[in-house]
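The following note sets out, in numbered points, what may be read from the structure shown below. Please keep the structure in view while reading.

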Amino acid sequence: MFPSSTRTAAELSERRARITTFLDDRGLDALWLGRPTNFAWLTGGSNVVDRASAVGVAAAGYSREEGFRVLTNTIEAPRLRDEELPEAFSVTAADWYTDSLAEFVVAESPASAAADFDVPGLAQPDLSTLRQPLSTADIDRYRALGRETAAAVEEVCRELSSAQAEQAAAVDVRTALESRGIEAPVVLVGGGERTQQYRHYTPTTAPLGDYALVSVTAQRGGLYASMTRTVEFDAPAWLDERFEAAARVEVSALAATQRAACEGSTAGDMFGAIQTAYEAVRWPDEWQHHHQGGAAGFAGREWIATPTESSTVVAPQGYAWNPTVQGAKSEGTVLVTTDSVEPLTLTDSWPTRSVSAVGGDLSLDRPIPLSV
């Protein structure tokens, strides 16, 4: 039996159509995907054994003549065939002690091909446009990932204490996520003192203190969801005001995202709306101190918005904006379509507040600081 994460026939047909267009546009005959998120995007399975490696133990590909294929070694072939791959993929294995994966791809591939990792003689194009926008099946899985990621993080946050060390809290977050089959390439836990000093509060042995920010980027099946929760113990009086400011910037960014998707504008075109929002909440220079986020899906960020970013804003697509205001942060993963804005990393068990974009063209419930 194949795992539920692998692709259905309908999904593979959709992937085939995208890849064929991609190949046609570039005059190529084959595409090979060895990086884990791209492998998962195509197959629905995993090629990861060593999480420290940027390239997995197998390359999934599509060629005009041979259709869907996976190239790997004799160690991995039986498991991948039995547990990770749809039946539509043929599996070819090289002896584990002979060719590297890149060399095996060269030996098996048409000459006119591309790959997402370094393969001698093959092009290595940007694949972000291949992964965007999200398909209907991607969206269904994204909703489940967002919901379960939020539930795991909130479960831990409700049990935090002022004296707890940041690192101990981070371990609990990773455990809660992994128990749901979710990996966490990013887990940031910062106490009140360090979150005011640093925008990326990598966890230390310092106690959480008067409040804490818990931020994660979580991954399952190649999809990534990012979110932040704030927990108050004896928080400073200014925290709620700064959180409200960050949340208004986040909702303003989402409103601008939807407009840009409808217009086919670029991330750079819409960045002015983020700067305007910071000015409106009286923190005009804050955007300079931390990246503001951008498109999400089969990458933690498909692109990060800057004033000059040329990537086109598309829909339907996940977006994760993460504005900060000196010790406060508002972040979640949100599905943006041309006619809806749907938060994915929300649950019914965390307090929220309706927050309006600057200009009032969008209001969303955002998770507010929780007092414990």
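1. Two strands are said to pair if DSSP finds at least two bridges between them. Helices (H or I, at least four residues) and strands (E, at least two) are DSSP runs, numbered from the N terminus. Under this rule, β7 (211-220) and β8 (223-232) run antiparallel and are joined by ten bridges. One of the bridges links T217 to S226 in β8.

2. The model is predicted, so local features need pLDDT of at least 70 and side-chain atom pairs count only at pLDDT 80 or more, while totals for chains, interfaces and linings use all residues. Residues are numbered from 1 along each chain as its sequence is written, and side-chain values use heavy atoms, with hydrogens and water left out.

3. The strands β7 and β8 form a hairpin with two residues between them. In the turn, G221 has a positive phi of about 60°. The strand β7 also pairs with β6 (183-191), in the antiparallel sense and over seven bridges. There, L188 has S215 of β7 as its bridge partner.

4. Is β7 enclosed or open? Nine of its ten residues are buried, so β7 is largely enclosed by the rest of the structure. Here buried means under 20% relative accessible area, exposed means over 50%, and partly exposed lies in between (1.4 Å probe, protein chains only).

5. A cavity is a set of points where a 1.4 Å probe fits but cannot get out; a pocket is an open set with protein on both sides within 12 Å along at least five of seven lines; lining residues have an atom within 4 Å of a point. Grid points are joined across faces, edges and corners, and a volume is the space filled by probe spheres set on the points.

6. The largest pocket holds about 940 Å³ of space. Its lining has 38 residues, of which E183, Q219, R220, G221 and G222 are the closest to its centre. Among the elements that each supply at least two lining residues are α6 (136-157), β6, β7 and β8. The lining comprises 14 nonpolar, twelve polar and twelve charged residues. In this division Ala, Val, Leu, Ile, Met, Phe, Trp, Tyr, Cys and Pro count as nonpolar, Asp, Glu, Lys and Arg as charged, and the others, Gly among them, as polar.

7. The second largest pocket has a volume of about 250 Å³. Of the 17 residues in its lining, V186, T217, S226, H291 and R301 are the closest to its centre. The strands β6, β7 and β8 each supply at least two residues of this lining, which divides into six nonpolar, eight polar and three charged residues.

8. How many cavities of 30 Å³ or more are there? The count comes to two. The largest cavity has a volume of about 50 Å³, and β8 gives the most to its lining, with three residues. Among the lining residues are T228, R229, T230, K329 and W350. The second largest cavity has a volume of about 30 Å³, and its lining includes L213, Q326 and K329.

9. T230 deserves a separate remark. It lies in strand β8 and is buried, with a relative accessible area of 5%. Leaving aside neighbours within four places in sequence, T230 is in contact (heavy atoms within 4.5 Å) with residues including L213, K329 and W350.

10. A nonpolar core is a set of buried Ala, Val, Leu, Ile, Met, Phe, Trp, Tyr and Cys residues joined through side-chain atoms within 4.5 Å. The largest has 58 residues, and Y142 is one of those with the most contacts inside it. The helix α6 gives the most to this core, with eight residues. A second, separate core has 40 residues, including L213 and V336.

11. The peptide bond from Q132 to P133 is cis, with omega near -5°, and another cis bond joins A315 and P316, with omega about 0°. R282 is not a glycine, yet has a positive phi of about 70°; R282 is exposed, with a relative accessible area of 74%. Q326 also has a positive phi, near 35°, and is partly exposed at 32% relative accessible area.

How values were computed:
1 Å grid on protein atoms, 1.4 Å probe; cavity = no way out; pocket = protein on both sides within 12 Å on 5 of 7 lines; lining within 4 Å.
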